[in-house]
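Biologist: Can you put the model up so we can go over how its helices pack?

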Amino acid sequence: MAVKSILTEARDIERAVALINLGARLQVLESETNLSYERLLRLYKEVAGKSPSKGQLPFSTDWFLTWQPNIHSSLFANIHEYLSKAAALDDIDVVIKAYKLYTEQMEACGIEPLLSFTRAWRLVKFMDNNMLGMTKCCKCGGHFVTEPYEIARNFTCGLCVPPARAGKGASVGSLRLERTTPAQPVQQAAVSPTALQSKVAGLGKDLWSL
Ligand SMILES: [Zn+2]
């Protein structure tokens, strides 16, 4: 029986801890490290202070294509793509780094990071398997997560052409669009919706121009 490298194991533990701290599900840890289920379970309880949540991983691509999640997913996907080209890192470390950058950017904008780590990880897998792709918006030029064979010529993103009900009934920290009459006071939000929206759009453009 081959002796397991202590260094490899140390790296696996370090990665697993980073993943747990980012809120990754146990299935992600099992997939991305060579540690046994029992060890991961112990590690999870030790680091998170609770048992991992049970249940299936999200299997559908639908979530990533709905309006608000799509904008978050697209931002993450752009960061991820940029990092995977720019940095010589293992695949999972690119996902970790990209996710940290995504949450930092969202916090800076005062927007709740809608994309969980597990979903972000899943998104990368979906894109690797050509179950989702990226299409350039013909209006703003940003790249957005879409069905793999979206027709690029006519594609407009959710920021340029939001769906009719977008931004309505949204809670604090979510994206809001200025659709209400200007006289109507904006409840809860300390920052005006347009400012929030432009930040996200601007952030997107910054990343997309990288
Ligand atoms: Zn657009």
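Modeller: What follows is about helix packing. This is a predicted model, where local features need pLDDT of at least 70, side-chain atom pairs count only at pLDDT 80 or more, and totals for chains, interfaces and linings use all residues. Residues are numbered from 1 along each chain as its sequence is written.

Biologist: At what angle do H1 and H3 cross?

Modeller: Roughly 50 degrees, with the axes of H1 (residues 6–21) and H3 (residues 37–48) coming within 10 Å. That makes H1 oblique to H3, oblique being what is left after under 35 degrees (roughly parallel), over 145 (roughly antiparallel) and 65 to 115 (roughly perpendicular). Axes are lines fitted to C-alpha atoms, with angles from 0 to 180 degrees between N-to-C directions. Helices are DSSP runs of H or I with at least four residues.

Biologist: Which residues of H1 meet H3?

Modeller: Ile13, Ala16, Val17, Ile20 and Asn21. Their partners in H3 are Leu40, Leu43, Tyr44, Val47 and Ala48, with contact meaning C-beta atoms, placed from the backbone, within 7 Å.

Biologist: How many residues of that contact of H1 with H3 are charged?

Modeller: None; nine are nonpolar and one is polar. Asp, Glu, Lys and Arg count as charged, Ala, Val, Leu, Ile, Met, Phe, Trp, Tyr, Cys and Pro as nonpolar, and the others, Gly among them, as polar.

Biologist: Other pair. How do H5 and H7 sit to each other?

Modeller: The axes of H5 (residues 67–86) and H7 (residues 117–128) come within 11 Å and cross at roughly 70 degrees, so the two helices are roughly perpendicular.

Biologist: What meets what in H5 and H7?

Modeller: Ser73, Phe76, Ala77 and His80 in H5 meet H7's Ala120, Leu123, Val124 and Met127.

Definitions and conventions: Two residues are in contact if their C-beta atoms, placed from the backbone, lie within 7 Å.
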